[in-house]
Amino acid sequence: ETKAHIITYGFEEKSAIKISDFKYTNTGENKPTGIMFTINKSGDSTPVYIYGSLGKSQAYAAAAAAAVGTIFGISLGNISEALGQYRGPKGRLKIISGVNNSIIIDDTYNAAPSSAQIALETLRDLQASRKIAILGDMLELGKYADNSHKNIGFDTKSSADILVCVGPLSKLIAQASEIPKDRIFIFNTSDEAKLKIRGMIAPGDLILVKGS
């Protein structure tokens, strides 16, 4: 109902700033390096590469920035060049080299149902010899806490080979998960979990860490 000029962005066909051709970039050894996608506006388009971070959330943020840039008359080419210099903040689907030649997806800044779902979708869509999801409690959800954790549990089967749950609420994730029980590990605290996790990591593992 606003009288302001509206610019929309997203993956939807009707978006004024449309994201398309989203994919993950990787090395020859299938280690993820970042994302690439195309930004489209009024028949014009440009590829965008973002290094060191993963997830469709990065593309949404880039498209929002592109929308602001176009308001100020910046060309899509210059927008793409600027976004190529962007390096995402710590704890937001950030790629980190792990022990034993593993790769960690660090998404530990915070956790909510929507961001946890995006993180698990990211893990699902990447290639790896084995995938480990380490999930902590999602806090401050009030009466929605139980169902939210159970729903995340349902999403783990298609994303991970091993599930590690840390914290009292995350036990509900474990209970709802359809991953075989001998591949689910539950801990009360991070300190209890870390030694076990370190011992289970094998070369080539892709490890998502997510929690509040």
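Start with a pocket: H1 and helix H3 (113-125) each put at least two residues into the lining of the second largest pocket. Keep in mind that this is a predicted model.

- The pocket has a volume of about 240 Å³.
- Its lining runs to 15 residues, and Ser57, Arg92, Leu93, Asp107 and Ser115 are the ones nearest the centre.
- Sorted by class, the lining of the second largest pocket has seven nonpolar, five polar and three charged residues.

**The largest pocket**
- This one comes in at about 470 Å³.
- Which residues lie nearest its centre? They are Ile134, Val166, Ser190, Ile197 and Val209, out of 21 lining residues.
- Strand S7 (130-136), helix H6 (190-200) and strand S10 (205-210) each contribute at least two residues to the lining of the largest pocket.
- H6 gives the most, with five residues.
- The lining of the largest pocket splits into eleven nonpolar, six polar and four charged residues.

**The cavity**
- The residues lining the largest cavity are Ala111, Ala116, Leu135, Gly136, Met138, Ile152, Ile173, Lys210 and Gly211.
- By class, that makes six nonpolar, two polar and one charged.

**The four-stranded sheet**
- Four strands make an open sheet in the order S1-S2-S3-S4, and the pairing is mixed.
- Strand S1 (9-10) and strand S4 (44-51) sit at the edges with a single partner strand each, so one side of each has no neighbour in the sheet.
- Helix H1 (residues 56-71) packs on this sheet and touches S1, S2, S3 and S4. The direction of H1 makes about 140 degrees with that of S2.
- Strand S2 (residues 17-26) and strand S3 (residues 32-41) run antiparallel to each other, paired over seven bridges.
- To find your way around, look for isoleucine 19, which stands opposite isoleucine 39 in S3.

**The six-stranded sheet**
- The other open sheet has six strands in the order S5-S6-S10-S7-S8-S9, again with mixed pairing.
- Which strands are at the edges? Strand S5 (94-98) and strand S9 (184-187) are, and each pairs on one side only.
- On average, neighbouring strands of this sheet are turned by 20 degrees against each other, direction ignored.
- Strand S6 (residues 102-107) pairs with S10 in the parallel sense, over five bridges.
- Aspartate 106 stands opposite valine 209 in S10, and Val209 is also among the residues nearest the centre of the largest pocket.

**Aromatic pairs**
- How many aromatic pairs are there? The count comes to four.
- Take phenylalanine 11 and tyrosine 60: their ring centres are 5.2 Å apart and their planes are at 75 degrees, so this pair counts as edge-to-face. The cut-off for that class is over 60 degrees.
- Why does this pair tie together parts that are 49 residues apart in sequence? Because phenylalanine 11 lies in the loop between S1 and S2, while tyrosine 60 lies in helix H1.

Technical notes:
Residues are numbered from 1 along each chain as its sequence is written. This is a predicted model: local features need pLDDT of at least 70, side-chain atom pairs count only at pLDDT 80 or more; totals for chains, interfaces and linings use all residues. Side-chain values use heavy atoms; hydrogens and water are left out. Two strands pair if DSSP finds at least two bridges between them. Contact means heavy atoms within 4.5 Å. Axes are lines fitted to C-alpha atoms, for helices over the stretch in contact, and angles run from 0 to 180 degrees between N-to-C directions. On a 1 Å grid over the protein atoms alone, a cavity is a set of points where a 1.4 Å probe fits but cannot get out, and a pocket is an open set with protein on both sides within 12 Å along at least five of seven lines; lining residues have an atom within 4 Å of a point. Grid points are joined across faces, edges and corners, and a volume is the space filled by probe spheres set on the points. Ala, Val, Leu, Ile, Met, Phe, Trp, Tyr, Cys and Pro count as nonpolar, Asp, Glu, Lys and Arg as charged, and the others, Gly among them, as polar. Rings of Phe, Tyr and Trp (its six-membered ring) pair if their centres lie within 6.5 Å; planes under 30 degrees apart count as stacked, over 60 as edge-to-face and the rest as tilted.
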